[in-house]
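Have a look at the model first, then read on.

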Amino acid sequence: LPLLFLSLISIIKAESTSFSFVGNGFCTTEDGDYYDYLHFDNVASEQQCGSSVYCGRSFVRGFSYNEGTKWCYCFLDDSWISNNAVPADIKDMHGYSPLPFMSGTARGIITSSNEQEWFKCFSNNQFGIETTNLYYFVGDGSCMTSGENNEGGERYNYISYAGVKSIEVCASYCGQKYYRGFSYDDADNCECFFDSSAETTAAVMEWKTLPGYIYSYFENPGRGTITSSDKE
């Protein structure tokens, strides 16, 4: 099957989910009650833990991250897990724990933490606000700018990942700031396209640490909105 290439048309990035630092430790209520949570191993940074790949979602109350162990915990209201289906793209993520912790009793805004020095707790200021990236199909083959007579123009730089289990996970990988669009194929390969510029290249290097990273390419001159493909 040919690769399926899509272009980002509505940009609401992970950075649009705003988190506030609460304190060291696991997040709690003012009374010290704990939240239910989803747990991920091997999350490279605090920024990634709070991104839309992991905890930057409308139903997540906040997160705690351990820089030493690279553990990421997304906190949910009591009974959310038992009353809702965990999204497929979360369950497909590398490092996802299949046994979420569901014995917490906390509900509502995160206002405190248990002061463990190994973790930092952050509260989601945009709880309940959907932040969805919208894409449309451009064509088969590699994403390109427009050339003369509506033919393909320049190719984009990209970061490539293997073993990405769904197009939804690929969309979350490539929905971060600076990306123009993405490709996904039936062999679980995902490529995120970005502009050719020193600023953009430096910025997207943070995302090389996501699970499945295999390759980066920085020699293509494409910049601006994705408008065509090479149809290969």
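This is a predicted model: local features need pLDDT of at least 70, side-chain atom pairs count only at pLDDT 80 or more; totals for chains, interfaces and linings use all residues.

A residue is called buried here if its relative accessible area is under 20%, exposed if that area is over 50%, and partly exposed in between. Searching the whole structure turns up 21 aromatic pairs, and the disulfide count comes to 5.

**Disulfides**

- Let's start with C27 and C121, which form a disulfide with their sulfur atoms 2.1 Å apart. The torsion about this S-S bond is about 120°, so the C27–C121 link is right-handed. It joins distant parts of the chain: C27 sits in strand β3 (residues 27–28) and C121 in strand β8 (residues 120–124), 94 residues apart.
- Next up is the disulfide of C55 and C74, with 1.9 Å between the sulfur atoms. This link of C55 and C74 is left-handed, with -80° about the S-S bond. C55 is in the loop between α1 (46–49) and β5 (62–66), while C74 belongs to strand β6 (residues 71–76), and the two are 19 residues apart.
- How buried are the two ends of that link? C55 has 0% relative accessibility, so it counts as buried. C74 comes in at 1%, under the 20% cut-off, so it is buried too.
- C174 and C192 make another disulfide, their sulfur atoms 2.0 Å apart. The C174–C192 link is left-handed, at -70° about the S-S bond. C174 lies in the loop between α4 (167–173) and β13 (179–184) and C192 in strand β14, so the bond ties together parts that are 18 residues apart in sequence. Both C174 and C192 are buried.

- If you count the bonded cysteines along the chain, the disulfides follow the pattern 1-6, 2-4, 3-5, 7-9, 8-10.

**Aromatic pairs**

- Back to the rings: there are 21 aromatic pairs in the whole structure. In one of them, F40 and Y96 have ring centres 5.8 Å apart and planes at 50°, so the pair is tilted. F40 is in strand β4 (residues 36–40) and Y96 in the loop between α3 (88–91) and β7 (112–113), so this pair links distant parts of the chain, 56 residues apart.
- F40 has 0% relative accessibility and counts as buried. Y96 is buried as well, with a relative accessible area of 15%.
- Then there's F194 with F218: the ring centres are 6.1 Å apart and the planes are at 50°, so this pair is tilted. F194 lies in strand β14 (residues 190–194) and F218 in the loop between β15 (213–217) and β16 (228–229), so the pair connects parts 24 residues apart in sequence.

**A ring cluster and a charge over a ring**

- Ring pairs link F26, Y35, Y37, Y73, F75 and F119 into a cluster.
- R61 lies over the face of F127, at 3.5 Å from the ring centre.

Terms used: Residues are numbered from 1 along each chain as its sequence is written. Side-chain values use heavy atoms; hydrogens and water are left out. Rings of Phe, Tyr and Trp (its six-membered ring) pair if their centres lie within 6.5 Å; planes under 30 degrees apart count as stacked, over 60 as edge-to-face and the rest as tilted. Helices (H or I, at least four residues) and strands (E, at least two) are DSSP runs, numbered from the N terminus. Buried means under 20% relative accessible area, exposed over 50%, partly exposed in between (1.4 Å probe, protein chains only). A charge sits over a ring if NZ of Lys or CZ of Arg is within 6 Å of the ring centre and within 35 degrees of the ring normal. A disulfide is a pair of cysteine sulfur atoms within 2.5 Å.
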